Amino acid sequence: MILYDYYRSSAAYRVRIAIALKGLVVERRPVHLLHGEQRDPGYRAKSPLAIVPTLQLDDGRVITQSLAIIDYLDALKPEPPLLPRDAVLAAQARATALSIACEIHPLANLRVIEALQRQFDAKDDQIAMWRRCWITEGLSAVEALIAPPAPFAFGAEPSLADICLIPQVYNARRFDVPLDDCPRILAVEAACAALPAFMEARPEAQPDAE
Ligand SMILES: N[C@@H](CCC(=O)N[C@@H](CS)C(=O)NCC(=O)O)C(=O)O
């Protein structure tokens, strides 16, 4: 399998964590987003929205969307499971993951930022305010959604919620969003930092990191 990836993509970071938790071996092919490689016709044929990540299977079929890729990996190798066994907790973990992936992440995506600059002449300080606004509001909702860490967001094992949360926390730190009002999120971050899978998947640990 080949993962089309970019070291700083938080959506790809989710998939890297899932791959590492599952102990799968996947070839990684960087797509340089700041050089516009996501819009090359060859890559767009795999990912019509021109975004990473994309997973290409050994038979050539492709899967886009990080959460769909993670679902596929979970079906391919069920252990360790990426959702709690309890149905309610599993749904809550998925809801938390979706809150990050659908409600926070898209608002500060590269093409949204580029459109704000191009169409509305948004300046750097306005872009910074925009990012901080959505990340702060979103993570404070996630803080309320997750259970008291035990030590992960939904129990004793990391789940899809943690897989989505850690890359979003990385983005928050990257853009100087204070997390002082999010003690549960900080506790989950500390628990995840103790796991090699989360460490291996970090942007700065990738060979294409700049
Ligand atoms: N919902 C998608 C989001 C993917 C996405 O937005 N990827 C970003 C990087 S984190 C991207 O490729 N952006 C390229 C661009 O905006 O031009 C997923 O979960 O896979």
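**Figure 1. Buried area between domain 1 and domain 2 in the predicted model****.** Domain 1 and domain 2 bury about 1,700 Å² between them, and 66% of this area lies on carbon and sulfur atoms. The structure shown is a predicted model. Domain 1 covers residues 2-80, and domain 2 covers residues 87-198. Taken over C-alpha atoms, the centres of domain 1 and domain 2 are 19 Å apart. The contact involves 18 residues of domain 1 and 20 residues of domain 2.

**Figure 2. Salt bridges and polar contacts across the interface of domain 1 and domain 2****.** The interface of domain 1 and domain 2 is crossed by 2 salt bridges. Arg 94 and Asp 71 form a salt bridge, with 3.6 Å between the closest N and O atoms. On the side of domain 1 that touches domain 2, the elements giving two or more residues are α1 (10-22) and α3 (66-76). Helix α1 provides the largest share of that side, with 8 residues. By class, the residues on the side of domain 1 that touches domain 2 comprise 12 nonpolar, 2 polar and 4 charged.

**Figure 3. Surroundings of the ligand****.** The ligand is surrounded by 16 residues, of which Gln 38, Val 52, Gln 65, Ser 66 and Asn 109 are the closest. In the side chain of Ser 66, an N or O atom lies 2.6 Å from an oxygen atom of the ligand. For Gln 38, the distance from a side-chain N or O atom to an oxygen atom of the ligand is 2.9 Å. Arg 14 places a polar side-chain atom 3.2 Å from an oxygen atom of the ligand.

**Figure 4. Salt bridge between Arg 16 and Asp 5****.** The model contains 12 salt bridges by the rule applied. In one of them, the side chains of Arg 16 and Asp 5 meet with an N to O distance of 2.8 Å. This pair links distant parts of the chain, with Arg 16 in helix α1 and Asp 5 in strand β1 (residues 2-5). Arg 16 and Asp 5 are 11 residues apart.

Key: Residues numbered from 1 in each chain as written. Predicted model: local features only at pLDDT ≥ 70, side-chain atom pairs only at ≥ 80, totals over all residues. Heavy atoms only, no water. Domains from an automatic or database assignment. Contact = heavy atoms within 4.5 Å. Buried area = accessible area lost by both parts, 1.4 Å probe. Salt bridge = Lys/Arg side-chain N within 4 Å of Asp/Glu carboxyl O. Polar contact = N/O pair within 3.5 Å; in protein donor to acceptor, adjacent residues only side chain to side chain. Helix = DSSP H or I, 4+ residues; strand = E, 2+ residues; numbered from the N terminus. Nonpolar A, V, L, I, M, F, W, Y, C, P; charged D, E, K, R; others polar. Near = heavy atom within 4 Å.
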